[in-house]
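Q: I would like to learn how to read a protein model with two chains, one feature at a time. Could we go through it together?

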Amino acid sequence: MAAGVATWLPFARAAAVGWLPLAKKTMPKPPIDKKSRSDEILFVNVSGLRFQTWKNTLDRYPDTLLGSSEKEFFYNEDTQEYFFDRDPEMFRHVLNFYRTGKLHYPRHECIQAFDEELAFYGIVPEIIGDCCMEEYRDRKKENQERLAEDNEAGEGGDAPLPPNSTSRERLWRAFENPHTSTMALVFYYVTGFFIAVSVIANVVETVPCRPIKGTVKDLPCGEKYSLAFFCMDTACVLIFTFEYLMRLFAAPSRCKFMRSVMSVIDVVAIMPYYIGLIMPENEDVSGAFVTLRVFRVFRIFKFSRHSQGLRILGYTLKSCASELGFLLFSLTMAIIIFATVMFYAEKGTKGTNFTSIPAAFWYTIVTMTTLGYGDMVPNTIAGKIFGSICSLSGVLVIALPVPVIVSNFSRIYHQNQRADKMRAQQKVRMARIRLAKKGTTNAFLQYKDDGGLQDHDSDSTALCVKNRSAFEHQHHHLLHCLEKTTNHEFTDELTYSEVCMTESVGYRTSRSTSLSSHQGGSSSCCPRRAKRRAIRLANSTVSVSRGSMQELDTLQVHKTSVAPQSRSSLNARTEDLKLNCDDRDFTAAIISIPTPPANTPDESLPPSPAIPGILRNSRSGTFPHDAVKISSL
Amino acid sequence: MSQCRKRCKRQLTKVARYFYRFVTGTLTQDSIEDDFELSTVCHRPEGLDKLQEQTKFTKKELQVLYRGFKNECPSGVVNEETFKHIYSQFFPQGDSSTYAHFLFEAFDTNKNGSVSFEDFVAGLSIILRGSINDRLNWAFNLYDLNKDGCITKEEMMDIMRSIYDMMGKYTYPCMQDDAPREHVENFFQKMDRNQDGVVTIEEFIESCQKDENIMQSMQLFDNVI
């Protein structure tokens, strides 16, 4: 029931007085309305913009946030108003909905922002008024298409393979995304080349060549050099067959693959050759065989795997199917009408070309598409008049659906271009996110260095530790708790790589669990530890093979293979990790570490918490880790 | 013959004018002017104080009533279509259009085809704030379709059928076809004192006052607003 009608309910109840004298039974007692019926003005503060409205207005829609008791959660006792920390511009539309009963969609707003606001206020988007519903639907569909594309691009083939994929999966990936491996790329270009060769051969073999010595007639090249063409054809077909069989083998779902369009094209392209081989040299059948050779031209469609433009065109035609259908239907109607008229108009003429109505179809089509070959021409005056009307209407009928098809094509083409750009941007975005994550870890490690983890009284706390925000303190405390829980410590990649390097040298491992990694209470703020090495954070391809290391007498640089119990560090992904310890120069200062080093990143660590705000600049150069603690498990 | 010729001439001029408009492309003419006239019809009620005198509502109640009224009918008057539509929202199962029509007639005291806010409030004032007698009077006015001072069996039959229509098809027990008729017979038996086939206002009020049920249910409407 429309909520606006709620205002008429008292009237409807009053009108029930007409039934009373006629009632057979006594009336039930009316419900007692306990709460005060007096209407009051409510204040709604949305991000500073104050709105005022009657309580009744909001009560009209009791299944939304503002109409139900849910809004009490947002009530601010001090200021006696309801406070919402949302977009005030959008709230205007929401409130108007309560007032007028119609929800309007503001055209200049982002559709997702609008949807989110509606979801927050508990309003179903379906009640958008008719005036704005179409616009809303179009924008929503566009947005969804865009998102679907982005998802596809995101999970598209550029992501690295999981390490334990079967050869079949890898083969399939190579076929679908040739850019992933060089072999796939080579194969891709080779098949493309052979498609071109095959098509050109098909074309050239019909060109007339100079006749053989002794004959007069011009021969098509195919017959003159039949052996050469046959060899070329064989080679192409072999390659295509091989490719098809490989794809069939690698396909995750063979049935689905066999039903797909590209697979059908592949089959149709190579079948004529095999049929030609199998079939005997029979006179009757060879005629049919010649027809089959026509299907060889379908090889040109195999190019659609190589060309995105072709795919877009195909997709456009598919999406404009209804417009094309309309065009076809209206053309057919018009053709039949005009053909009939022309036939009867030209019936009287002697030796006329319009021998039957189907014969007149050809004239009508040629005229309506403004081709005008001139092989069939009306002679009577009536015929000429109707012929001119026919050509004029032809232009109209054909011109109508064309803009729709064109706009569809343009939209799809631009979307495709956008998808490519998105993929490129995705890489940049990923790099930035990785950097941010590193920054967060570095912040924590720095915090530890600065003595934040130690329990000390406020006097000796370093200033820089004190200056951290409450949020950081709590977050670091949380990470510290995790360390204590698992009895491991967070560390950075470089320290970790050092660890792995000396493992194979076979030092005794010591179990140390104390966590304090430096003397507490330094005089200066953020004491600078000895510079150890240049750190390239962003592109660090540090190994994260984990080993156990213990008190170091000497530190040697060894290139070791990944230890069996290798684990990954916080942020580095296994793919990036390569042993690259060339540029380390370990100084003897390391040896003078008082406290035993023990620092192992824990396997069970979750990826560093995504804290978007904290992006410390990579503290290249100073990574004050003179104490690295390691404990072996 | 001359009539024929006149008609022919008229048709010819029409065709010629149509052809002219077809050629110049002014076939569809703007009809904004017609719409413009209708929308300027707007009705403003009398002042709040005057209404307060005329009815038994307080100022606040009148304000609430008017705000609701104006929201639904920005032009200030309700026509019968809107009235029927609004009323049908409350009775989705049956057909309430006939009863709504009778109600409309009862509210539209000056018989101009539309109910303004004053009519609306006047009617509500009687029903909700009036004495028992006033209410009974109003009910009688509702039943008396031709406003001649007495209710005949046919009028009652119409009213009864319209009320039963509001129930719709799905009732328990099943609706018999002669249920309205039976009900009317009952009513007349109760109300018609002198058995002359019509119920006058005095008979009506007298019979109602004697009936405890009716008197009690009349109190129901004191707290609707």
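Q: What should I keep in mind about the model, and how many helices and strands does chain A have?

A: Please remember throughout that this is a predicted model. Chain A has 20 helices and six strands, and buried residues make up 39% of its 633 residues. Among contacts in chain A between residues at least 6 apart in sequence, 72% join residues that are at least 24 apart.

Q: What is the secondary structure of chain B?

A: Chain B comes to twelve helices and four strands, and 37% of its 225 residues are buried. For contacts in chain B with a separation of 6 or more, residues 24 or more positions apart account for 56%.

Q: How do I read a sheet, and in which order do the four strands of the open sheet in chain A stand?

A: The general idea is that strands of a sheet pair through backbone hydrogen bonds, either parallel or antiparallel. In chain A, four strands form an open sheet in the order β2-β1-β4-β3, with mixed pairing. Strands β2 (49-54) and β3 (75-76) of chain A stand at the edges with a single partner strand each, so one side of each is left without a neighbour in the sheet.

Q: Which pairs of strands are parallel and which are antiparallel?

A: Let us take the pairs in turn. β1(A) and β2(A) pair in the antiparallel sense over six bridges, and A:I41 stands opposite A:W54 in β2(A). These two strands form a hairpin with two residues between them, and A:S47 in the turn has a positive phi of about 50°. β1(A) and β4(A), in turn, pair in the parallel sense over three bridges. Finally, β3(A) is joined by two bridges to β4 (residues 81-84) of chain A, and these strands run antiparallel; here the bridge partner of A:N76 is A:E81 in β4(A).

Q: Which helix packs on this sheet?

A: Helix α3 (residues 88-100) of chain A packs on the sheet, where it touches β1 (41-46) and β2 of chain A, and its direction makes about 5° with that of β2(A).

Q: Which residues are the bridge partners of A:V44?

A: A:V44 has the bridge partner A:F51 in β2(A) and the bridge partner A:Y82 in β4(A).

Q: How do I read a nonpolar core, and which residues touch the most other members in the largest one?

A: The largest nonpolar core has 62 residues, of which B:L103, B:F120, B:M156 and B:F204 touch the most other members. If residues up to four places away in sequence are not counted, B:M156 touches A:L22, B:Y143, B:I151, B:V184, B:F187 and B:F188. A second, separate core of 27 residues includes A:V44, A:L66, A:Y82 and A:L95.

Q: How much area do chain A and chain B bury between them?

A: Chain A and chain B bury about 3,300 Å² between them, with 72% of it on carbon and sulfur atoms. The residues of chain A that lose the most area to chain B are A:W8, A:F11 and A:L22, which together account for 23% of what that side buries. The contact takes 32 residues from chain A and 45 residues from chain B.

Q: Where does UniProt place the feature "transmembrane region" in chain A, and what is the chain like there?

A: The UniProt record, an unreviewed entry, places this feature at several stretches of chain A, including residues 224-245 and 357-373. Over residues 224-245 of chain A the model is 95% helix and 0% strand, with the end C-alpha atoms 33 Å apart. Over residues 357-373 of chain A, 71% is helix and 0% strand, and the end C-alpha atoms are 18 Å apart.

Q: Is B:S162 buried or exposed?

A: B:S162 is found in helix α9 (residues 153-167) of chain B, and it counts as buried because its relative accessibility is 1%, where the cut-off for buried is under 20%. Leaving out residues up to four places away in sequence, B:S162 touches B:D95, B:T98, B:Y99 and B:F102.

Q: Where does B:K111 lie, and what is its phi?

A: B:K111 lies in the loop between α6 (97-107) and β2 (114-116) of chain B, and has a positive phi of about 55° although it is not a glycine. With a relative accessible area of 47%, B:K111 is partly exposed.

How values were computed. Residues numbered from 1 in each chain as written. Chains lettered and ligands numbered in written order. Predicted model: local features only at pLDDT ≥ 70, side-chain atom pairs only at ≥ 80, totals over all residues. Heavy atoms only, no water. Pairing = 2+ DSSP bridges. Contact = heavy atoms within 4.5 Å. Axes fitted to C-alpha atoms, helices over the stretch in contact; angles between N-to-C directions. Core = buried A, V, L, I, M, F, W, Y, C linked by side-chain atoms within 4.5 Å. Buried < 20%, exposed > 50% of the residue type's maximum accessible area, 1.4 Å probe, protein only. UniProt positions renumbered as here; feature names shortened; annotations may be inferred. Buried area = accessible area lost by both parts, 1.4 Å probe.
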